[in-house]
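User: I would like to learn how to read contacts, cores and ring pairs in a model. Could we go through one together?

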Amino acid sequence: MELLTFDDSTALAKAAAQRALQMIKEGLDENENVTWILTGGRTPGTAYKLIAGQADAVDWSRVNIGMGDERCVALDDSESNWGQAERDLLRHLPLADENLLKPAGDVSAQEAADHYEVLIRDLPQASPEIPRLDLLWLGMGEDGHTLSLFPGLDEIEETGRLVASVYNSPKPPPQRATLTLKAMGGVKACHILVSGAGKSDALGKALSEGEISDLPVARVAREIELQGGKVTWFVDKPASANL
């Protein structure tokens with residue numbers, strides 16, 4: 001585990017953007033293609049805009065791009081994670097359509113999960129039935145959730161699927177599709193971006209409790225590391241107040 005602390009969310013976003021480009025370049029030196037799984041949120045959005053200004057930094061035709069979780073809304077809806085990434089990043093890069101793991105959008109949670117499971121399973125494999133996810137970006141909520149894996153909900157215990165359906169998210173909209181702990185088995189590198197004082201309690205708990213923390217973000221990070229992946233936390237000073 002690596003912990004990087006920055007003065008503010010802008011500095012955090014800049015560092016995350018630079019590290020992502022570095023990781024993608026290194027991955028393309030090793031493999032024919034690289035898969036980068038994105039996250040929603042304000043700080044990632046700032047990083048996406050920085051990367052969008054460097055469209056010639058890597059060979060984007062060899063980069064698969066997906067989303068860690070998605071709300072069951074139209075992809076052009078303001079609540080759509082994919083819609084945000086499309087506006088801030090994807091439309092500005094020379095990406096091949098076949099490399100975009102595009103969510104289904106405004107369908108039921110089960111339909112969305114089934115659709116995304118098929119896309120994820122078509123990726124190069126890290127091990128049998130586990131796709132290789134070269135770089136995973138995650139955020140964290142004030143309750144310690146990440147992806148659409150929330151404290152107290154059953155989806156965190158899903159072991160049979162790579163993508164779970166969520167019908168009762170405590171944050172609207174209630175229906176979502178999300179990667180599961182099983183999918184974390186193929187993650188090579190994970191960057192968790194956490195900014196803002198409102199997240200300091202959950203971040204402090206996740207990192208101080210370590211292997212006994214039951215917060216989803218801690219369980220996800222732990223699973224990635226158990227399977228040989230590397231987790232790097234990018235946090236700003238307000239979020240790190242309780243570390």
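User: Which residues does V194 touch, not counting residues up to four places away in sequence?

Analyst: This is a predicted model, in which local features need pLDDT of at least 70, side-chain atom pairs count only at pLDDT 80 or more, and totals for chains, interfaces and linings use all residues. Residues are numbered from 1 along each chain as its sequence is written, and side-chain values use heavy atoms, with hydrogens and water left out. Contact means heavy atoms within 4.5 Å. By that rule V194 touches L12, M140, K199, L203, W233, F234, V235, D236 and A239, leaving out residues up to four places away in sequence. V194 lies in strand β10 (residues 187–194); helices (H or I, at least four residues) and strands (E, at least two) are DSSP runs, numbered from the N terminus.

User: Is V194 buried or exposed?

Analyst: Buried means under 20% relative accessible area and exposed over 50%, with partly exposed in between (1.4 Å probe, protein chains only). V194 has a relative accessible area of 0%, so V194 is buried.

User: Which residues have the most contacts inside the largest nonpolar core?

Analyst: A nonpolar core is a set of buried Ala, Val, Leu, Ile, Met, Phe, Trp, Tyr and Cys residues joined through side-chain atoms within 4.5 Å. The largest one here has 75 residues, and W36, W60, W137, L179, M184 and W233 have the most contacts inside it. Helix α1 (residues 9–30) gives the most to this core, with nine residues. Leaving aside neighbours within four places in sequence, the contacts of W60 include L21, I24, W36, I51 and L93.

User: How many aromatic pairs does a search of the whole structure find?

Analyst: A pair of aromatic rings is described by the distance of the centres and the angle of the planes. Rings of Phe, Tyr and Trp (its six-membered ring) pair if their centres lie within 6.5 Å; planes under 30 degrees apart count as stacked, over 60 as edge-to-face and the rest as tilted. The search finds four pairs. F6 and F234 are stacked because their ring centres are 6.0 Å apart and their planes at 10°. This pair links distant parts of the chain, with F6 in strand β1 (residues 2–6) and F234 in strand β11 (residues 230–236), 228 residues apart. F6 is buried at 16% relative accessible area, and F234 is buried at 1%.

The rings of Y48 and W137, with centres 5.5 Å apart and planes at 15°, are also stacked. Y48 lies in helix α2 (residues 42–52) and W137 in strand β7 (residues 133–138), so the pair ties together parts 89 residues apart in sequence. Both Y48 and W137 are buried. Ring pairs link W36, Y48 and W137 into a cluster.

User: At what angle do the axes of α2 and helix α3 cross?

Analyst: Axes are lines fitted to C-alpha atoms, for helices over the stretch in contact, and angles run from 0 to 180 degrees between N-to-C directions. The axes of α2 and α3 (residues 81–88) come within 8 Å and cross at roughly 35°. The contact is made by G45, Y48, K49 and A52 of α2 with Q84, A85 and D88 of α3.

User: How many disulfides does the count come to?

Analyst: A disulfide is a covalent bond between the sulfur atoms of two cysteines. The rule applied is a pair of cysteine sulfur atoms within 2.5 Å, and the count comes to zero. C72 is buried at 10% relative accessibility, and C190 is buried at 0%.
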